[in-house]
Amino acid sequence: MKAILIFFLCCVCAFGAEGEFVAVDVLFVMASSALVLMMTPALGLFYAGMVNRRNVLSTTLNSIMLFSVIALQWVIIGYTLAFGDDIGLLIGNLKHLFWANVEGAHGSIPQIEFAFFQMLFAIIGAAIITGSIVERMRFGILLLFILCWSTLVYDVLAHWVWGNGWLVKIGSLDFAGGGVVHIAAGVAGLVGCIMLGKRTFSQGLLPHSLPLSFIGAVLLWIGWLGFNSGSALSVDSIALNAFITTNFAVVGAMLSWMIIEWVKYGKPTLLGSITGIVAGLVAITPAAGFVTPFASIIIGLCASPICFFAISYLKSKLGYDDTLDAFGLHGIGGIWGGIATGLFATSSVNELVKEEAAGEGLFYSGDFSLLLVQIVAIVACFALSGIVSFIILKVISLFTPLRVDIAQEENGLDQALHGEIAYR
C-alpha cells in the first residue's frame, strides 16, 4: 500500500512539473482505467456462472482472449478510425495508425492515456457479445467475427458519437457508451444467436454456479464506477454526479427486479437481483453525466421491468436463443438508457446539454428535440450493428461452419475446444 501511495505521489509531482496536464486528472483516469480493465474478467465470471459446468472455461476464455485481440486491433487501427481527424462525419483518418501521433494532451490528460482508456471500452463491448453465442460457436470463428465487428461497427460508432462524427453534430448525447457499447454489442449478439440457431442440449439452460455469477456482478458494479465516472476525464462535479447516479440506478433496478419476481413467482432470487444490477448499470450508462441522482433512481426502477419483459417474453415469443441475454440486458437496457437521456438530461448537471446537445430533456424543457435525436442515434446504432454483423457472419459461413458439431456441443466446449475441465 505504501509503495502504491509513493508511486501516485511521484506521478503527481512529475505531471505537476510538466504544466501541460492536470496531475489529479491523470491519476483519476489511471484509476478509472484500472476499474474498467477489471470489468472484462468480471464479465467472464458473471457469464461463466450462468452456463453449463462443461462450458465454464470456454465462456471465461472468450472474454479474456478478446482483451488481447481487441487491444492489438485498437493500437493498430481501431483508435485512429474512432478518434482520428474526421472524414465526412463518418470515420477517422489514419493519423494515429499504429498509435502514431498520440503524444500531447487530450484536454487535461495525455492523449495516450485517453487512447488506453477508450481501448478498454472497445474490449468490454466486444466481450458483451459473447454472452449471446456461448456454448455453441467455434472459438476461432468467434475471434474472427468480433475482430471484424470491432473494426467495422464499434470503431465507426465511436467516431459518430465521440469522435466528431454526425451523431455529435446533430446533438445526440451518450456519456459513457449506451449506444456505442451496449446497444451495438447487444444487437450483434442477437444477430449471432439467430444465425447460429438454438442450442441442441437443454442442460445448458440452467446456471451451474450462481455464487460465481454474483462475484462477477459485484465486480462489474465496482468496475462500472470507473466506466461511467471516468468518462468525465476530469475530477469535477460531472464525474462525481456520474459516480452517484451509477449507484442509484443500481438501487432502483435491483429493487424493481426483486419486486417483479416476488409478485410474479412468489420468491425473490439471487439471479434476479444480480440481473437487476446489470440492467441498472446499462441503463444509466448513456445518462450518467447528464441526469440528477433522483432521475437515475427512476431510470433504474424502469430498467428492470423493460429488460424483464425482453428476457421473459420477447425472447420466447420470437424464438431466439440468446444464451445469457446479452440483447435483453445490454441491447434493450441501452435503448431505454438512450431514451431516458432524452427525457431527463439537464444543463443543471452538465453544461454540455445546453452548449452542444439538441436541447434539454423533455421533462425539463417540454421540447421533444433531444428525445427525437436520441431515437435517431438509437436507430443508427441498432441498424449499423445489425446489418454489418449479419454480413460478417454470412460471409464467414460461406467458407466454414459457424458452430461446433453436435458431439462437441454435447461433451462441452471446455473439453472439446480447449482440452480442459473446470471441475474434476
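Which residues in α2 meet which residues in α4? On the α2 side, the list runs V26, V29, M30, S32, S33, V36, L37, M39, T40, L43 and Y47. Across from them, α4 brings in E113, F116, F117, L120, F121, I123, I124, A127, I128, T130 and G131. Sorted by class, this contact has 16 nonpolar, five polar and one charged residues. One thing to keep in mind while you look around: this is a predicted model.

**How the helices pack**

Let's stay with that pair for a moment. Helix α2 covers residues 23-48 and helix α4 covers residues 111-133, and their axes come within 10 Å, crossing at roughly 15°. An angle under 35 degrees counts as roughly parallel, so that is how α2 lies against α4. The crossing of the two is left-handed.

Helix α4 also packs against α12, here at an angle of about 140° with the axes 8 Å apart. That angle makes α4 oblique to α12. By class, the contact of α4 with α12 has three nonpolar residues, three polar ones and no charged ones.

In α7, the residues involved are G179, V180, I183, A184, V187, A188, V191, G192 and M195. They meet I378, C381, F382, S385, G386, S389, F390, L393 and K394 in α15. The residues of this contact divide into twelve nonpolar, five polar and one charged.

**Pockets and cavities**

| Space | Volume |
|---|---|
| Largest pocket | about 890 Å³ |
| Second largest pocket | about 470 Å³ |
| Largest cavity | about 110 Å³ |

What lines the largest pocket, and which residues are the closest to its centre? There are 39 lining residues, and H106, V161, W162, L233 and L352 are the closest to the centre. The elements that give two or more residues to this lining are α3 (56-83), α4, α5 (139-162) and α13 (352-355). Helix α4 turns up again here, with the largest share of the lining at five residues. The lining of the largest pocket divides into 18 nonpolar, 14 polar and seven charged residues.

The second largest pocket, with about 470 Å³ of space, is lined by 22 residues. Closest to its centre are M50, L271, T275, I311 and D325. Helices α9 (237-265), α10 (270-284) and α11 (293-318) each supply at least two residues of this lining, and the largest share, four residues, comes from α11. By class, the residues lining the second largest pocket come out as eleven nonpolar, six polar and five charged.

How many cavities of 30 Å³ or more are there? The count comes to four. The largest cavity holds about 110 Å³ of space and has 16 lining residues, of which L173, D174, G179, Q374 and A377 are the closest to its centre. The elements giving two or more residues to the lining of this cavity are α7 (178-196), α12 (326-344) and α15 (369-397). Helix α15 gives the most, with four residues. The lining of the largest cavity has eight nonpolar, seven polar and one charged residues.

**Where the two stories meet**

A few names are worth a second look in the viewer. G179 is among the residues closest to the centre of the largest cavity, and G179 is also one of the α7 residues that meet α15. Helix α12 gives two or more residues to the lining of the largest cavity, and α12 packs with α4 as well. As for α4, that helix comes within 10 Å of α2, axis to axis, and contributes five residues to the lining of the largest pocket.

Terms used:
Residues numbered from 1 in each chain as written. Predicted model: local features only at pLDDT ≥ 70, side-chain atom pairs only at ≥ 80, totals over all residues. Heavy atoms only, no water. Axes fitted to C-alpha atoms, helices over the stretch in contact; angles between N-to-C directions. Parallel < 35°, antiparallel > 145°, perpendicular 65-115°, else oblique. Left-handed = near helix turned anticlockwise from the far one by under 90°. Contact = heavy atoms within 4.5 Å. Nonpolar A, V, L, I, M, F, W, Y, C, P; charged D, E, K, R; others polar. 1 Å grid on protein atoms, 1.4 Å probe; cavity = no way out; pocket = protein on both sides within 12 Å on 5 of 7 lines; lining within 4 Å. Points joined across faces, edges and corners; volume = space filled by probe spheres on them.
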